[in-house]
Every structure is written in structure tokens, then in C-alpha cells.
Amino acid sequence: MLKYIGKRFFHSLLMIFGIMIIIFVVTHILGDPVALMLDPASTKQEFELMRHQLGLDQPIHVQFFVFLKNAVHGDFGESLRAREPAMRLVLQHLPATIELTVAAMIFMLSIGVPVGILSATKPYSAADRIGKLFALGGQAAPNFWLGIMAILVFGVKLKLLPISGRGGLNHLVLPAITLGSFGMAAVMRLTRSAMLDVLDKDYIRTARIKGLSESKVVLKHAFKNALIPVVTYVGLLLAGLLGGSVITETIYAWPGLGRLAVQSITTNDFPVVQSVAFLASVVFISMNLLVDILYCWIDPRISYK
Amino acid sequence: MRTKSVVFVVMVCLFVFSSHVSAQPKGTVTVAVSTDFMSLDPVGGGYTGTGQMMHRHMAEGLIEFGPDGKMYPRLATSWKLVDDKTWRFTLRKGVKFHNGNPFTAADVKFSIDYFMDPQNKWNYRALFAGHDGIQIIDDHTIDIKTKAPDPVMPTRWATRVRIFSKKFFDENGNEGLQRQVIGTGPFKFVSWQRNDRVTMEANTDWYLDPPKIKTAIFRIIPEMGARVAEWQAGGVDIIEGIPPFMVPQLKKVQNAEIQSVLGVRAMYMLLDTIKSPELKDKRVRQALNYAVDKEAIIKGVLNGTGTSLGTHVPLRVAGADTSIKPYPYDPEKAKALLKEAGYPNGFAIKLYSPNGRYPMDKEVTLAVADQLSKAGIKTDVQIMESNLYIKDLAGHNFGGGIYLIGMASAEWDVDYALNQLPSNFVLCYYPDKAVDEMVSKTRTLMDPNKRFESAHKIQKFVHEEALYLFLYNEVRNYGVSKRVKGFEAPGDELMTLWRLSVTD
């Protein structure tokens, strides 16, 4: 197991290295931060001076190696705009994103899983049909649309909930539902189909013959075995959300990583873009690994050698 | 007699009581803005228009612009020319910073030196290329020197440079400036949650009439739709930058109003005379101007929020020649001019436009292209992501064509627009020695009458030669809740909150 983790860790490093090359090259080719920073009425000399001060007049491979050398030492450079270390900015925005992600996850799982189980245990019943309708809606409605509709209905018309910014728990409701609705629908569908699959298995029949109560059969014997696809999906989704959710955070003016990413991309703030990408890829890769390890716990037949 | 004296005493009590009440600031005004401070430290690469606007509520300049575009004395009570290259500022006495430090000439010198230090990479430093140092005469007098005679120097300092406490910097360094704003302004810094909100409270010791509101909050809501929704829901009192297409609908919002004001940004199109041979011909450039129906664009695309222009100078700035009329819409004349220039069947050209850099930019470009094609010019419109567009525009990377641009004269002076003409500026697509000479001569005339007279001549030249495809002067739209009294919509981005009061 340890050897497996070691190998995966090494692979992860290679992957992060690859990601950083791509991000570095793409940002440097596409944008010129100086053209955005300086007043358009600046002279050509001022442009040259600023480029030189920022080290942008160096060939791109030289810039990359400088970046890499510093990154190894944990220094991701100073934001071109904020006069602060780029990674510090990223870490400042992380709590808001974690808060939103956790809220969205709670919404997603607390509705998706029970409704999925209910749908599976009573297929083609009214509850199942309503559940499926929700799943269809949740997956089909893009979250920018859902977000705007929620803002219009609950904020502008009914004035029930705050619609932008970070504050108390009530500020979390709309963004969390908007962000979680797609995942909620997916979790529900996955739970339903995995449960239907498992409920047909011989050991479920055995459990029932043994005289176990229906709730024990469903929740203990069936559900645990149906968990693997759900855990895989939720793990990857969680990793994705922790990297910041651009659309939801923008619509609700939520001060998280997604906003920071958009902001730094639109201002060509390379060090910040690279730091966000680095953090997001580390989170994603570690979550992947964590999910793989979780499999062993869920299904003891799985082992890594 | 007795009744009279009782009435008198009651009146006095009421007066004392009411004046006491009115002196206490009360209520909160919340403003939604699109961008945040990049840093509380004003230098570095990220001094945005919104950043300046928020800063000036806490840290003042020597002079400040009012919403009307006029200059008002602030930390300087007066200023005069000592000789052609020296400006003398008399500083206000008895002013204290928010942390209690007294304000003196040393703070001014420190602040200006701090902004001008190349190591601090201030993004507006280019505008101060002519700065030649600052000298302290006494505790309340300073001289600012310029390398060449510079008539708009005070204007420039007024808009861009904030005065911070030297003592605070000596004790806390850069880190201090990044955490706190210690100025002398009408509001004191309370807190800043990056990308969320900036909170300030009234400075009741301000040397001018202190603010009537107790708290000012700037909330950062980047998405226009969300900003408007929050305003409609009553979550914020004032919003800026309402796009023209939303104005008619938002005028119906209850308990609020839309304030529209002629701005200081001119929208026009750069004509690339370097790479497009057709555009070298003055008759072709004039034909383009005759071929575009600006009024139709303003009416159809901008919902009437704009004023057509005959030059690239915004109408409200000092020195703008408002007697110059826009080119009338005359497609026949355009065709005749094209024929005369040797293009009886028109020619093909590319139009480039950013997407979302200016309100309705892409729609305006498409409308222009449509009208040009009616005059026989075959257009190919390229809509680009805003960043790439500016990068390629500043880098002269396009292979020739017509490029949409908007320039805001934040200094309320024609100087900024003149600044865009000479060949050493990045967006110059009409390099001409004669223009260079004309502009540099005008920009150093110290007598305002002579300077404006000369600027008028240049504007007539720009119009006559049709150096650009002139479009319109932008109108800025603000949404203001009725509970807020005293808001005056500024033509630039600089909202002023210290004159506001609230009804509840």
C-alpha cells in the first residue's frame, strides 16, 4: 500500500509539472499584463521599462525556469497587481471557497442520497417519478441560469434571502443550492442506479430471508455496496469545487478562488493564475488518491499491490 | 414677559439639541462597484479607477475634482506658478491624519516621492514623466518642479496622487500601507475584505463640513446583472456603470432613480494609416466619417445615452472645442469622396473590436461595419477578447484596419487627448512630425487662453484631416435609491459620498 502511494505521489509530481508548463505557456502567450496595467496614453519607453521591471522581456523558457526555481522553494512570485505574494492571495480566498463547497456538498448529499435510495427501493412509484424529474431538472439547468432565476425570485421579488456577498449562514443558501444542484441530481441518479443494481443481488435476498428488517437491508447491506460509484463521483466533484467555482462565485459576488482566478486571468496577473492552478491541481490529484484509498475501506476485496 | 422668556429658552434648547443631532453622522450608504482595490497600497501595478475613487474618501489629494469636473482646494489651500517650471503649493494648517499625526509638507514630499519611485512600479507614472522633484520651503509650503513648462501639472496631481502619513510609513513600512489607509479624508478606514467589501466611517474631525452619514460601504459585485439585482432588491443604494440597454427598464424601478450624466470618455476608431494604404488618403478617412450615422447608433444601440462627436476630445473637458460639429451622415458624399480618392467600388477592410471592454462595444462596431458596407466598403469584423485586443492594439500587431477605442480624460483637460496624438505613444497610428511638433508646443504653453486656443487649432486639424473615425461621447448611468439624498453623478468614475445623507 505504502509503495503504491509512493508511486502515485511521484506520478502526481509529474502531472503537476505538466500542468504548470501548460498554464505558464498559455498565459504568457495569450496576454500582456503591461498593456492592461499602464495607461493607454503611456509612451513606448514606459512599456519597455515596466516589462523589464517585471522580467517579462526575458525569453519565455528563461522566465519559466526562474519561476520553477522559485516555486520549488515555495515562492510563487508577487502578484503583478496586488503587491502581495501570489500564494498568500490565493490562500486568503480559500476559506470562502471551502465554506461554499461544504455547504453545497451538504445540500447535494442530504437530498441526493436519500431521494436516490427512495427512488431505488420504490421504482416507478410517484416518489421515484418526482425524484427523476428533479434529477432531470438539476442536470439540465445550467447554473448561471439557475443562479439568476434564484436571485430574481428569492432576492428581487420575494426579498427572502441575500443575493450577493459573504456574510451569515443565510448568505450561503442561494449560492450553495445553485452550486450543488447539478451534483445533487447526479448523486441521486448514481445512487438510484447503483442501488437498483445491488438490490437485485443474491446476498440481499439472503439478508431478507434471514429476516432482517427492510431498513437494515437497504441501508447496511445494499447501500454500502452501492457506494463506490457515488464516492468516486463525489470525490472528483469535491476536488473540482475546491478549485473555485467560477460561475457561481461570480453571480453571487462570492469572494472565493473562482473569482480570484477570473480576476487574475482578466488582468493577466500571471503569478496569481499560476498559484490558483497549482493549488487546484494539488487538491484535485490528492482527492483522486484519497478516493482510491477509500475504496479499500468500502470494499475490502480491493487492494493495491 | 414670562411666556416670552419660556418660549425663548425652549427655542434655544431646541436649537442646541437639533444642532447637536445634525452634527452626529447617522445611517449607512452602500455602493456596489465592479472592481476592488488591488491593494490598499496605492502604488504597484493595480491602481484602478475604482481604487482611486475609494481611496479619495480616506486619503486626500492636494486638490480634488468635484463631480462637476472643477478643482477644489483640499490639502493645498492655494497654488501658483513661481516660474515656468515651478509650482508653489500652500498647504492647509491644523490638519491631522486619522491616527493623530499632524499633516505637514514632509508628508506631501514623502507621498509624491513614494508614487514616483520607479521601484514602486506605479502604473500611472508615465503621466508624470515631466516631474522634476519636490522641495520643502517650510512646514506648509512646497515647490513642485517640472522638467519642461507643464500647465496641467496641478490637475494631474489632483486626480492621481493621495497624501499619506510619512510617520505612519516610517513606523510600519509597505506592510502598513497594505493593511491600513491613514489619510486626512472625510472617512476613516475600518476594514477591507478583499473581493467582498470596503467599510469606512465618518471622520467627525474633518476640517471641512464632516460627512452626514456614519458608515460608507463599498461592495464589490463584478457581474452587472448581480449588481442591478442587488440594487433592485434594496441591498445596495447606489450602483455605477449601468449599460445603456438596461436603462429604460430600470427607470421603472420604484423608490430609486437613474441619473445619467455626460462622461469624460470619448469613443472613436483608430485608423491604421501605417498598414492600410487606403487610410493614408484624407478623402477616404473623411468618407468613413460621412458614411457612419452616429445618431442612429446612439439611438438604436445606446438607447439615446450618448452624444455624437466631431473630434476625439470629450465635450466636458477644459479646452474642448465644442464648436466643431460632428460629420453629418451623408452616404452619397462618402461615395463621391471614395470615387475621388480612386476607390469607386470601395475597398475591403477589417474592423477590430474588443468584447466587453466598453459598454456595447461589439454592437457599436457591428453597426459601424453595417453602415460602412452601405457606402460600398467591404468590412470584415473581428471581435476579440478584451485582453488580447488591447495587447495586439498596443503592440501594433494587427495587419491594418480600423480599431475601436475609448479614452477617458480623467484629468478633465484636453491635454490627455492631445497626448494621444504624437508618434511616441503606443496607440499612435498616424505618425506625423508636424503633429508631434504642434502638440509638444501646445502642451507647454503656460497661459491657459493661449493653450486652449492652440488646442482648438489642433482639434480643428484632427477633425478636418479625419485622423480618426469619430463616434460619440459616453454617457454614464448611475442607479440611486431614493433614501439617499445629495448624490451628484460624476462624469468620471469618482463618486463622492461625503455630501450624502439618508432619510431613515
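How are H7(A) and H6(B) oriented relative to each other? They are roughly parallel, a term used for angles under 35 degrees, while over 145 counts as roughly antiparallel, 65 to 115 as roughly perpendicular and the rest as oblique. This is a predicted model, in which local features need pLDDT of at least 70 and side-chain atom pairs count only at pLDDT 80 or more, whereas totals for chains, interfaces and linings use all residues. Residues are numbered from 1 along each chain as its sequence is written, and chains are lettered from A and ligands numbered from 1 in the order in which they are written.

**Chain A**

- Chain A has 13 helices and zero strands; helices (H or I, at least four residues) and strands (E, at least two) are DSSP runs, numbered from the N terminus.
- The C-alpha atoms of chain A occupy a box of roughly 85 × 60 × 30 Å along the principal axes.
- Of the 305 residues in chain A, 42% are buried; a residue is buried if 20 or more other C-beta atoms lie within 10 Å of its own, exposed if 12 or fewer, and partly exposed in between, with C-beta atoms placed from the backbone.

**Where chains A and B meet**

- Contact links 43 residues of chain A with 43 residues of chain B; two residues are in contact if their C-beta atoms, placed from the backbone, lie within 7 Å.
- On the side of chain A that touches chain B there are 22 nonpolar, 11 polar and 10 charged residues. Ala, Val, Leu, Ile, Met, Phe, Trp, Tyr, Cys and Pro count as nonpolar, Asp, Glu, Lys and Arg as charged, and the others, Gly among them, as polar.
- Helix H7 (residues 143–157) of chain A and helix H6 (residues 224–232) of chain B pack at about 10 degrees, their axes 10 Å apart. Axes are lines fitted to C-alpha atoms, for helices over the stretch in contact, and angles run from 0 to 180 degrees between N-to-C directions.
- Residues in this helix contact include Ile148(A) and Ile151(A) from H7(A), and Ala226(B) and Ala229(B) from H6(B).
- By class, the contact of H7(A) with H6(B) comprises six nonpolar, three polar and no charged residues.

**Strands of chain B**

- Four strands of chain B form an open sheet in the order S4-S5-S7-S6, with antiparallel pairing; two strands pair if DSSP finds at least two bridges between them.
- Strands S4 (76–83) and S6 (131–138) of chain B each have a single partner strand, so one side of each is left without a neighbour in the sheet.
- Five bridges connect S5 (residues 86–91) and S7 (residues 141–146) of chain B, and Phe89(B) has Ile142(B) in S7(B) as its bridge partner.
- Strands S8 (residues 187–193) and S9 (residues 197–202) of chain B run antiparallel and are joined by six bridges.
- S8(B) and S9(B) form a hairpin with three residues between them, and Asn195(B) in the turn has a positive phi of about 65 degrees.

**Nonpolar core**

- The largest nonpolar core has 222 residues; such a core is a set of buried Ala, Val, Leu, Ile, Met, Phe, Trp, Tyr and Cys residues joined through C-beta atoms within 7 Å.
- Helix H5 (residues 86–121) of chain A gives the most to this core, with 15 residues.
- Val276(A) is among the residues with the most contacts inside the core.
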